[in-house]
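This briefing takes up a hairpin and the sheet around it, then domains, chain contacts, a helix pair and database annotations. Please look at the sequence and the model before reading on.

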Amino acid sequence: MFYFILKRAVTSFFILLAATALMFVLAVNSGDPLHDLAELRNADRESRIAARTEAMHLDQPVYIRYLLWLQEIGRCIIPGGAQCTLGLDRVGNPVIVQLQGAIGSTFRLVVVATVLAIVLGVLVGVVTALRQYSVFDYSITFVAFLLFSMPLFWLSTLLKQYLAISLNTWLADPAMSYLGIVLLGLAAGLIWMIIIGGDRRRRLQVFAVAFVATSGTMLALLLSNWFKTPGFGPFGILVSAFAIALGATALFAGFRRRRVVHATLATAAAGFIGYLLTRGIMEDPSWLTIAGLTVVTVVVSAAIGHFVGGPYAKQARQLTAVVGVLIGFIVFLDALLHAYPSLSRKTGGRPIPTTGSSTPNLEGTFWEVNLDYALYLVLPTIAIMLISFAMYTRYTRASQLDVMTQDYIRTARAKGLSERTVVVKHAFRNAMIPITTLMAFDFAGVLGGAVVTESVFGWNGMGKMFTDGLDYVDPNVIMAFFLVTGVAAVTFNMLADIAYAFLDPRISLN
Amino acid sequence: MTSTPVYSDTQATETGSPILEVSGLGVDFSVDNEWVMAAEDVHYRVYPGEILAIVGESGSGKSMSSMALLGLLPGNGRSTGSAKLLGKELLGAPQSALRKIRGNDIAMIFQEPMTALNPVLTVGEQVKEIIEQHTDASPAEAKERAIELLRMVEIPDPETRYGNYPHQFSGGQRQRAMIAIAIANDPILLIADEPTTALDVTVQAEVLELLRKLNKRLNSAILLITHDMGVVADLADNVIVMQNGRIVEAASAADLFNAPQQDYTRALLDAVPHLGSKVGGVLAAVEVEDDGSLQISEAPRAVLAASEEAAEPTSSQTPALQLENVAIEYPGRFRQPAFRAVSDVGFTIMPGEVMGLVGESGSGKSTIGRAVTGLLPVAEGSVRINGTDIAGLSPKKMRPLRRKFAIVFQDPAASLNPRMSIGESIGEPLFLHEKLGKTELDKRVEGLLDDVQLPKSFRNRYPHELSGGQRQRVGIARALSLRPSLLVADEPTSALDVSVQARVLALLQDLQREYGFACLFVSHDLAVVEILASHIAVLNKGRMVEQGSTEQILRYPQDPYTRRLLAAAPVPDPAEQAYRREQRTALLAAGGE
Amino acid sequence: MTDNKISADGPKESSPELTAMTLESQRTVTADSPATRAVVAEPKITEAKSQSKLVRERFLRHKGAMGGMIALALILLLAFSSIGFNIGPLHIPGWWKHTFSEVQATVDGGKPTLSWTGLGEHPFGQDALGRDYFAMTMRGAQISLIIAFIVGIVGTVIGTVVGALAGYYRGKVEAVLMRFTDVIITIPLLVVAAVLSTVVAKAGIVVFAIFLGMLTWTGLARIVRGEFLSLREKEFVEAAKSVGASSARIIFKHILPNTVGVIIVSATLAISGAILLETALGFLGLGVQEPDTSLGKLINENRSAMTVRPWVFLWPGVFIVAIALAVNFIGDGLRDAFDPRQTRNKQ
């Protein structure tokens with residue numbers, strides 16, 4: 001394992017070196033960096049040209065400039081040496097300052113979108129494979145193709161122009177006619193009916209349940225003025241906690257083992273109690289508090305699993321830890337949503353912002369600041385996510401279908417295992433093996449695509465930095481961007497390989 | 001139904017009623033919106049403790065009719081008729097009910113142990129989960145029982161092996177693990193679908209032995225699905241013969257082999273090569289005494305002399321092929337040392353002679369076949385074809401020599417380019433070496449098709465339109481197109497059904513007589529080699545164990561490995577096979593490499 | 001983003017042969033074990049059908065692919081016949097009355113006149129300068145299509161050659177080529193394309209497209225290499241070697257025809273990817289230069305007019321989506337036609 005990482009790191013280093021050289025040559029030749037100054041008629045023209053030539057080493061040949069750049073990078077790698085600047089931009093400021101500001105907002109955007117796309121895409125992909133040739137499968141296939149064929153910037157602009165604006169208008173005055181509620185319920189009923197499938201009776205049952213649940217919830221939300229003051233509330237958290245416990249048990253363990261069921265239910269109860277106890281701390285916490293609480297949650301829920309699980313302690317531990325974390329997430333979400341009314345007052349009532357990456361000069365609690373971040377993330381995240389999502393569903397579907405025809409799936413069925421075990425335990429893990437590779441490539445691609453997204457949504461991130469660098473023909477800025485994406489690309493490739501070996505025991509990293 | 005502990009040695013009481021009663025079973029598949037019959041009107045009964053074999057060639061419906069019992073047909077299949085397990089109807093039963101039966105009352109063993117086990121789960125986990133599924137055992141108890149099961153199927157060091165993955169098991173061990181899974185919950189019926197087809201003969205013999213032991217010990221009935229008459233003779237009490245989805249004949253094993261009633265059965269049995277039929281008995285030198293001890297007699301002097309002559313001919317003729325101290329290596333990757341697949345092998349084939357090269361997988365027999373035809377480099381030693389050493393020759397110098405030899409491959413489906421017509425494939429060597437014009441080429445190709453008894457119109461067809469046997473004929477035609485003096489046949493019939501195999505072997509014999517080429521016949525199947533070869537070399541783990549005339553090797557083998565190999569190969573005759581089993585047990589007991 | 005050519009089963013550095021081989025071995029299980037395959041594979045066809053004919057038949061039965069073919073044909077016809085096109089100095093005139101560059105008086109605020117009853121004067125409206133937007137969109141579609149096809153072809157050729165050489169010769173050749181591929185893959189496509197387009201876009205769309213094609217071959221190279229790695233171990237290749245066929249003959253006559261499926265599928269995906277790449281570059285103000293236009297450039301120029309004149313934003317987008325969607329569906333149909341393993345078995 002260590003040898004593998006070392007070997008990969010060395011190869012990656014040389015690949016990056018070659019790529020930076022190629023990139024540097026391209027960047028230098030992408031235009032004339034003195035273009036804007038050459039048109040000046042001022043007296044200081046010559047001196048400014050000289051200053052910029054000095055700052056950018058324009059009087060040196062390309063390879064010297066590249067070596068100079070490498071030297072700057074070297075300073076950042078070797079600790080304790082000279083100051084790390086990643087080179088100077090054309091006005092003589094260190095690039096690293098600019099990069100530090102940009103990197104955070106870009107990664108926030110890319111990571112959230114990628115994680116969501118993976119979770120949703122894989123989930124939907126598996127379901128479409130299991131319901132091959134159903135209406136659901138065909139619809140998702142078509143939607144995936146449509147999203148596949150859509151330019152990111154066009155989709156982003158559409159979302160911005162139509163979804164955000166009408167949603168904002170609606171949220172300003174949330175109301176829905178009874179007909180609207182019924183239609184929403186009907187739509188939900190249809191979708192669930194198609195996803196779950198089964199014989200005619202089962203379909204009707206599913207439809208009825210989904211219809212009543214959806215339209216009932218919608219009605220309740222409207223009546224309680226939920227869209228003005230969102231949140232789960234104690235009752236909502238109680239219900240969600242038990243729903244999570246039951247759902248996780250159904251998916252990963254089944255209800256045959258009483259002890260395991262009891263453990264997850266106990267975790268749900270403990271989670272609710274924990275929610276009530278921590279309300280004080282959660283008033284205005286810091287990220288450190290949140291991290292601490294997460295650790296406590298994991299430890300406590302695993303302990304519950306361990307002691308209640310009895311002979312099934314191992315399985316119960318894993319399951320209760322997952323349940324605990326999910327409940328914690330719900331509690332977190334609840335607190336975040338509670339900050340909505342006050343944040344809304346501070347920012348002026350348009351909940352979904354369409355440009356920028358955060359409200360400038362916002363002063364507020366932990367929850368307000370983070371909700372503000374989250375709301376700014378909504379649109380760009382949806383845009384990036386939808387396109388990655390399309391890819392993940394397609395590939396997961398293909399992979400899952402392939403796995404489902406394998407001999408070992410037939411063996412698993414011949415053992416009398418339940419369909420849940422066959423799909424979750426035997427098929428899913430095998431189907432995920434090729435997807436890991438995809439994740440690495442997708443992440444690198446999305447990072448590159450951030451250039452477009454940031455341009456549409458007016459984010460001040462690395463993409464903006466890159467396009468500016470390109471406009472000003474400022475190689476050090478372009479290279480700083482490339483350094484981050486390049487390192488991310490090789491790192492994720494390596495992580496994908498490790499994940500690959502982790503999922504597939506036939507591959508050893510030694 | 002929950003099972004009681006498995007491991008009692010007491011026999012269950014014999015009941016008069018059948019475990020499984022199948023009547024009017026039919027299986028169809030939807031292909032291009034049309035129902036295609038895979039099996040119809042199948043009926044049989046299985047009684048407790050019985051081993052019933054269903055025999056047939058590919059496409060006979062033997063596998064599918066058994067898959068239908070458990071509702072495991074692929075999505076485009078459907079079944080009709082009735083199959084009752086202890087009086088309960090299986091066909092059309094809801095999946096939830098079938099799930100309780102699968103792996104519990106009826107368990108299955110599949111053909112390919114490599115693909116039938118999940119590669120990402122440990123073997124132990126895969127045994128454990130079936131116990132957990134059908135009993136209330138806790139994980140710890142289930143693990144304990146899983147280890148016990150692995151021990152029962154004779155996996156060495158089961159505690160450690162429990163945590164290993166399938167790829168860390170050998171083929172035979174994987175099949176044992178598969179059997180452990182199948183018997184985990186003491187099923188009353190075990191369906192074994194070609195359980196030994198993918199295994200070497202010695203491993204096959206062990207797995208069959210294991211199945212026989214388990215059958216006696218657990219009193220589960222076994223439904224054995226196979227194409228191998230030797231396996232049937234070894235294991236089965238009763239036999240059903242299927243052809244094209246219908247039952248042709250049903251009889252006890254003894255009756256079927258001694259007095260087959262139907263023409264098809266007779267033809268099938270005739271087509272099965274019977275080890276020892278040409279040389280008059282096999283392992284004649286090995287006698288088992290009443291107390292189970294061994295008596296190995298010396299070979300007659302005449303036989304030994306003939307054998308000597310076969311191994312090292314004294315004639316002045318130039319041998320068609322002569323190997324001396326040959327070693328072959330596969331280059332290692334990433335500073336790993338090269339893997340030496342063959343070392344220190346030498347033999348001689350005279351013009352017009354057929355030599356059999358026999359060994360199990362990993363013995364290096366195919367490697368030698370490839371090195372002789374210049375597909376692999378030789379690391380040490382010399383390979384002389386008609387006196388010219390091809391070891392270390394440059395591709396350019398090699399090229400004209402390639403006319404002198406040709407190779408026929410094992411898998412007829414893989415050895416023909418799917419994008420080239422049959423005519424192009426056969427004509428390629430002629431095109432490359434004789435630069436013939438189109439009309440001349442066509443004429444020669446048609447002549448060759450004629451020689452391998454295929455219609456001339458096949459010239460314009462593509463490989464996927466041909467059956468396995470037809471494809472192998474095309475492979476032979478291509479190999480013979482340049483009239484080589486040496487033909488390497490690498491397992492040319494092992495992917496074919498027995499009746500097809502018999503015809504291809506007959507064709508090969510005829511052609512050998514007509515063309516007079518020397519032939520290196522590589523095979524794992526001793527009975528097939530016996531038919532063709534006058535001289536046999538036995539390989540084990542890359543080394544030559546012994547060589548000699550066919551008679552000497554089969555009747556008076558000198559090496560213990562050869563003896564064990566011979567003893568493990570089943571023959572299609574229950575009585576003889578029973579005796580051979582004793583021979584094998586005695587040989588193994590005598591031990592020794 | 002445009003990297004969607006990297007297929008889920010595309011071989012990976014650390015695991016290539018393994019995946020390819022296990023899939024292969026599972027596909028060719030002997031005789032009648034997974035008997036469906038046996039039943040399905042039973043050749044009940046009596047008349048001779050070549051592989052390519054079977055593929056063609058399966059393709060023609062694929063509804064999505066046929067829809068895509070028709071849609072693409074219609075778009076091509078519309079784009080090239082409406083405003084005409086140039087072959088060298090020769091201009092082939094089209095049937096549409098306006099050209100994409102002529103400035104006219106704005107009618108009715110430049111609103112589209114397209115309705116159920118007919119096209120009207122300016123079916124897609126006019127832009128801020130009063131140019132006919134239908135003609136402009138058609139011109140943009142022409143340029144985008146030309147670029148996409150050139151990128152697709154160049155990328156496919158390079159990817160096939162690199163992959164074939166690496167997969168067939170292995171050893172040093174493979175190491176050098178695949179490390180080179182890694183270098184190109186490390187650079188986000190959009191980034192290098194953006195830098196490159198500022199350098200070469202002035203030289204005209206064909207040169208620009210060729211350069212883009214030189215960046216988009218990496219995914220295909222990996223896939224083709226994987227195919228070659230598994231095919232070169234096949235017995236029919238050994239059979240060819242044993243009779244003394246040259247390397248060139250083995251590559252071109254024996255292996256390449258068997259990879260034609262993945263190559264064609266990949267090429268269609270490359271074309272739809274190229275459409276999206278070109279439009280993304282156009283959107284950033286890179287790529288095609290004035291006075292010419294492309295679909296991406298049209299959208300870029302009219303971004304700010306989104307609220308005032310939504311049509312100038314919508315129409316080029318609709319054409320991008322329509323073209324990419326059509327090509328993707330064709331690619332899907334081709335994949336099913338070449339690899340019928342996952343196609344339906346109707347109950």
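In chain B of this predicted model, strand β9 (residues 238–243) and strand β10 (residues 246–252) run antiparallel and are joined by six bridges. The two strands, β9(B) and β10(B), form a hairpin with two residues between them, and B:Asn244 in the turn has a positive phi of about 45°. Within this pairing, B:Val241 has B:Glu249 in β10(B) as its bridge partner.

**The sheet of chain B**

- Strand β3 (residues 51–55) of chain B runs parallel to β9(B), with four bridges joining the two; here B:Ile54 has B:Ile240 in β9(B) as its bridge partner.

**Domains of chain B**

- Chain B is divided into domain 1, made up of 20–110 + 185–271, and domain 2, made up of 301–311 + 323–390 + 398–590.
- The centres of domain 1 and domain 2 of chain B, taken over C-alpha atoms, are separated by 33 Å, and the contact takes 20 residues from domain 1 of chain B and 18 residues from domain 2 of chain B.
- On the side of domain 1 of chain B that touches domain 2 of chain B, the elements giving two or more residues are α8 (201–218), α9 (229–235), α10 (253–258) and α11 (263–271) of chain B, and the largest share, five residues, comes from α9(B).
- By class, this side of domain 1 of chain B has 12 nonpolar, five polar and three charged residues.

- The contact between chain A and chain B takes 21 residues from chain A and 27 residues from chain B.
- On the side of chain A that touches chain B, the elements that give two or more residues are α16 (407–414) and α17 of chain A, and α16(A) gives the most, with six residues.
- The residues of the side of chain A that touches chain B divide into seven nonpolar, six polar and eight charged.
- With chain C, 58 residues of chain A are in contact with 46 residues of chain C.
- The side of chain A that touches chain C receives at least two residues from each of α1 (2–28), α6 (135–148), α7 (152–172), α15 (366–404), α17, α18 (462–471) and α19 of chain A.
- The largest share of the side of chain A that touches chain C comes from α17(A), with 14 residues, and by class the residues of this side divide into 39 nonpolar, 16 polar and three charged.

**A helix pair in chain A**

- Helix α17 (residues 419–457) and helix α19 (residues 475–503) of chain A have axes that come within 9 Å and cross at roughly 175°.
- Because angles over 145 degrees count as roughly antiparallel, α17(A) and α19(A) are roughly antiparallel to each other.
- Among the residues that meet are A:Met432, A:Phe443 and A:Leu447 in α17(A) and A:Phe492, A:Leu495 and A:Tyr500 in α19(A).
- The residues of the contact of α17(A) with α19(A) divide into 15 nonpolar, five polar and one charged.

**UniProt annotations**

- An unreviewed UniProt entry places the feature "domain: ABC transmembrane type-1" at residues 103–496 of chain A; in the model this span is 81% helix and 0% strand, and its end C-alpha atoms lie 22 Å apart.
- For chain C, an unreviewed UniProt entry gives the annotation "transmembrane region" to several stretches, including residues 143–168 and 255–277.
- Residues 143–168 of chain C are 100% helix and 0% strand, with end C-alpha atoms 37 Å apart.
- Residues 255–277 of chain C are likewise 100% helix and 0% strand, and there the end C-alpha atoms are 31 Å apart.

Technical notes:
Residues numbered from 1 in each chain as written. Chains lettered and ligands numbered in written order. Predicted model: local features only at pLDDT ≥ 70, side-chain atom pairs only at ≥ 80, totals over all residues. Axes fitted to C-alpha atoms, helices over the stretch in contact; angles between N-to-C directions. Parallel < 35°, antiparallel > 145°, perpendicular 65-115°, else oblique. Contact = placed C-beta atoms within 7 Å. Nonpolar A, V, L, I, M, F, W, Y, C, P; charged D, E, K, R; others polar. Pairing = 2+ DSSP bridges. Domains from an automatic or database assignment. UniProt positions renumbered as here; feature names shortened; annotations may be inferred.
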